[in-house]
Amino acid sequence: MDSIKGVTFTGMKYFIWDFDGTLYDTYPIILAAIMKVLENHGVAADSKTVYKMLKEFSSKKVAETYGIDFEQFAKEQHAIEDLDTRVPKPFPGVKETLAAIKAGGGRQFIMTHRMADDTRSLLEKDDLAEYFEAIVGPEMKFARKPDPEAVLYLVNKYQMDPASSVMIGDRIMDVEAGNSAGIHSCFFDNEDVLEHVAADFVCHTPQEIIALLEK
């Protein structure tokens, strides 16, 4: 494990997790749906280019890049995802990590662009829902990441100490949301797709995140 800012830190008590690509390996389904939407709109795009754009920015950036209305883009994407028979699974080590953090006194939350009910259903299927106190999804109408509004909502509602709080995610927007909210940031880098992400901490497996727990 390493830190882009050159400091390995511990003492975290509040863990705010992103969901897609951080807790669950959902990108194969997401990318397939997005590529189908682009195909339906007559766009011939390289999947590797689109994937990097998703990780570096967001699906909104993909829609804007190829001149598609984002609301319509998202509607089509989700409809295609709903037809996919594959069931997303958590990354290896996620359950053990969540359990270790809870056992160590850590408190855990999710802030995601996925609908909260859908997120909760997936967690319940894998017996992971018990590890989270709250899930904040787009139905709450907060500004999308990297805007820190949703992170700040959690920080304020649960009276988190910013010095012992961390936002964990696999994309630049997750890191920027945490940084802008004045809490720590952890970049989950399990694929080496992005470089020079300005996070406080970089991890390559879920288990490494346990090292952040308050001692």
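This is a predicted model: local features need pLDDT of at least 70, side-chain atom pairs count only at pLDDT 80 or more; totals for chains, interfaces and linings use all residues.
**Entry 1: the largest pocket**

I began with empty space. Rolling a probe the size of a water molecule over the atoms shows where such space is left. The largest pocket holds about 920 Å³. I counted 35 residues in its lining. Nearest the centre of this pocket I found His78, Glu81, His113, Arg114 and Met115. H4 gives the most, with 6 residues. I sorted the lining by class and got 16 nonpolar, 7 polar and 12 charged residues.

**Entry 2: the second largest pocket**

I then looked up the second largest pocket, whose volume is about 150 Å³. Its lining includes Glu56, Phe57, Ser58, Arg144 and Lys145. Helix H8 (residues 172-181) supplies the largest share of that lining, 3 residues. By class I noted 4 nonpolar, 1 polar and 5 charged residues.

**Entry 3: salt bridges**

Side chains of opposite charge can pair when their charged atoms come close. I searched the whole structure for such pairs and found 12 salt bridges.

Lys55 sits in helix H2 (residues 47-56) and Glu191 in the loop between strand E5 (184-188) and strand E6 (201-203), so I noted a link between parts of the chain 136 residues apart. Are these two residues buried or exposed? Lys55 has a relative accessible area of 3%, so I marked Lys55 as buried. Glu191 has 38% relative accessibility and counts as partly exposed.

Next I took Asp126 and Lys89, with their closest N and O atoms 2.8 Å apart. Asp126 is in the loop between H6 and strand E3 (134-136), and Lys89 is in the loop between H4 and helix H5 (94-103), so the bridge ties together parts 37 residues apart in sequence. Asp126 is buried at 12% relative accessibility, and Lys89 is partly exposed at 45%.

My next pair was Asp117 and Arg120, which meet at 3.3 Å, N to O. Both lie in helix H6, and because they are 3 residues apart, about one helical turn separates them. I marked Asp117 as exposed at 55% relative accessibility and Arg120 as partly exposed at 32%.

**Entry 4: a network**

Last, I noted that Asp18, Lys145 and Asp174 are linked in a network of salt bridges. I had already listed Lys145 in the lining of the second largest pocket.

Technical notes:
Residues are numbered from 1 along each chain as its sequence is written. Side-chain values use heavy atoms; hydrogens and water are left out. On a 1 Å grid over the protein atoms alone, a cavity is a set of points where a 1.4 Å probe fits but cannot get out, and a pocket is an open set with protein on both sides within 12 Å along at least five of seven lines; lining residues have an atom within 4 Å of a point. Grid points are joined across faces, edges and corners, and a volume is the space filled by probe spheres set on the points. Helices (H or I, at least four residues) and strands (E, at least two) are DSSP runs, numbered from the N terminus. Ala, Val, Leu, Ile, Met, Phe, Trp, Tyr, Cys and Pro count as nonpolar, Asp, Glu, Lys and Arg as charged, and the others, Gly among them, as polar. A salt bridge is a side-chain nitrogen of Lys or Arg within 4 Å of a carboxyl oxygen of Asp or Glu. Buried means under 20% relative accessible area, exposed over 50%, partly exposed in between (1.4 Å probe, protein chains only).
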